[in-house]
Amino acid sequence: MLVWTGIKRLLRPKRDYFSLKTVTFGDESAVTSNGVASVVSVVLIFVLWAAFTGSKLLPSFLHAPGAFLGTGEFTYTITTPAGETDDATVVVLVHPVGATVEAPEIEPGEGIAKNDSTTIPAYRSQLLRVDENDEMGRAEDTFITAVNGEPISPGVSVSVEFGRVTMSDRGTLNIIPATGLQMEPIWLPAPETVWVRLGEIATVGYRNSTLAEHLGYSLFRVIVGFTLGALVGIPLGYAMGLSNWFRGWFDPIVEFMRPVPPLALIPLVIIWAGIGETGKIILLFLAALWIMAIAARSGVSGVRISKVHAAYSLGASKWQIMRHVIVPNSLPEIFTGARVAMGVCWGTVVAAELVAAEKGVGMMIMVASRFQSTDIVLMGIILIGIIGFAIDMLIRWAERVLVPWKGKG
């Protein structure tokens, strides 16, 4: 916010009609998206993503502290039943996940306690029985009593230079290297990893289908389901807004089904229509139907009665009032409902493709999640967001072209 405030001060203030308006609060036409702020917000999201994943796209000084990598050591103390104590050193090599390394070679030492070494992948921990190579261990009632000179007992943790060491209930040391603030790649991969995966799937494909085929099938399902929902929902909404009889019959049904999430209908749709394409389109149809019906009903109910009276006074017939008054004045509400319905359909298609789908973005995301391919999951989520945003922008453009009178009384 501070960065944006500084940028805003450097920008020349706009001198147009909106900047000269004396009343802007509550005026929807006076509030528009600031392009610079939008760009800054998107860039900031990617910078934070890159910073917390150690991305090579950012200089290292902008990275959040990462997991410890390298060699560390600590000293543990054992105490015999006779009260004698001895120290030994444990050398720990923390390496990147997936790398194959050998434990460092160390001299065992001459005391009762012998030095140890081990390797641990980053972001992991490891239980180490340090007394396995000691001359005296648990069998001789000899136990670890301190780490780096600090007393330790079951459940107690001691901080060391590379992380911390805790003792389990059975007296085994659990070595936990510091993980830092960066996310492990298996949970959140870097942006360049997702980009590489996008190029790979776009060219090679995923599960015998290219990325274009996955996107095409999802878009086809959404468009068909939304179109069918609009074709049924809009006339139903008009009928409910114009006829007491229709409203009495269908208003309870619409209001009952509106809050039911489409995901709850999946088992019923499978029973009725099977697991093929028909069932998926029916689910998307039901997701759009109630939203479009309510939007059309709200649009009709919001038409000013003064306009209807004016048309009647000029000799207009019912059809002319419907054509020139009710439909034009209800279109803004219908377009708003279309934006909401399309967003719901685009989100529901992921769930619809869970059931025996061979192609689709939702199928790709769910299959990838089973194998912890987080880069594919993130790629699918980003593509869903981008396509959903593009669809919303397209509907907004169509609304500006087809309904230029919106907001002008």
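A salt bridge is a side-chain nitrogen of Lys or Arg within 4 Å of a carboxyl oxygen of Asp or Glu. The structure in question is a predicted model, and the values below are computed from it.

## The chain as a whole

The chain has 409 residues, of which 39% count as buried. Its secondary structure consists of 11 helices and 9 strands. Along the principal axes, the C-alpha atoms fill a box of roughly 110 × 60 × 40 Å. The radius of gyration of the chain is 32 Å, whereas a compact globule of 409 residues would have one near 22 Å. The accessible surface of the chain comes to about 23,900 Å², and 64% of this area belongs to carbon and sulfur atoms.

Contacts can also be sorted by how far apart the two residues stand in sequence. Among contacts in the chain between residues at least 6 apart, 65% join residues at least 24 apart.

## Salt bridges

Side chains of opposite charge can pair when their charged atoms come close. A search of the whole structure finds 12 salt bridges. The table lists some of them.

| Salt bridge | N to O distance |
|---|---|
| Glu353 and Arg221 | 2.6 Å |
| Glu255 and Arg297 | 3.0 Å |

Buried means under 20% relative accessible area. Asp375 has 11% relative accessibility and therefore counts as buried. Arg197 has a relative accessible area of 23%, so this residue is partly exposed.

The salt bridge between Glu353 and Arg221 has an N to O distance of 2.6 Å. Glu353 lies in the loop between helix 9 (318-352) and helix 10 (361-370), while Arg221 lies in helix 4 (residues 211-242), so the pair ties together parts that are 132 residues apart in sequence. Are these residues buried or exposed? Glu353 counts as buried because its relative accessibility is 1%. Arg221 is buried too, with a relative accessible area of 2%.

The salt bridge between Glu255 and Arg297 has an N to O distance of 3.0 Å. This pair also links distant parts of the chain: Glu255 is in helix 5 (residues 244-257) and Arg297 is in helix 7 (residues 277-301), 42 residues apart. Glu255 is partly exposed at a relative accessible area of 28%, whereas Arg297 is buried at 10%. Both residues belong to a network of salt bridges that links Asp251, Glu255, Arg258 and Arg297.

## The sheet

Strands of a sheet pair through backbone hydrogen bonds, either parallel or antiparallel. In this structure, 5 strands form an open sheet with mixed pairing, in the order 3-2-1-5-6. Strand 3 and strand 6 stand at the edges with a single partner strand each, so one side of each is left without a neighbour in the sheet.

Strand 1 (residues 70-79) and strand 2 (residues 85-95) pair in the antiparallel sense over 10 bridges. Within this pairing, Phe74 stands opposite Val90 in strand 2, and the bridge partner of Gly72 in strand 2 is Val92. Strand 1 and strand 2 form a hairpin with 5 residues between them. Gly83, in the turn of the hairpin, has a positive phi of about 90°.

How does strand 2 pair with strand 3, in the parallel or the antiparallel sense? The two strands pair in the parallel sense over 6 bridges. Val90 has Asp116 as its bridge partner in strand 3. Strand 2 is mostly covered, as 8 of its 11 residues are buried.

## Positive phi in two loops

Which residues have a positive phi although they are not glycines? Tyr123 is one of them, with a phi of about 70°. Tyr123 lies in the loop between strand 3 (116-121) and strand 4 (126-128). Asn148 is another, with a positive phi of about 50°. The place of Asn148 is the loop between strand 5 (143-147) and strand 6 (150-151). Asn148 counts as partly exposed because its relative accessibility is 38%.

How values were computed: Residues numbered from 1 in each chain as written. Predicted model: local features only at pLDDT ≥ 70, side-chain atom pairs only at ≥ 80, totals over all residues. Heavy atoms only, no water. Helix = DSSP H or I, 4+ residues; strand = E, 2+ residues; numbered from the N terminus. Buried < 20%, exposed > 50% of the residue type's maximum accessible area, 1.4 Å probe, protein only. Pairing = 2+ DSSP bridges. Rg over C-alpha atoms; globule rule 2.2 N^0.38 Å. Contact = heavy atoms within 4.5 Å. Areas by Shrake-Rupley, 256 points an atom, 1.4 Å probe, with all protein chains shown as cover.
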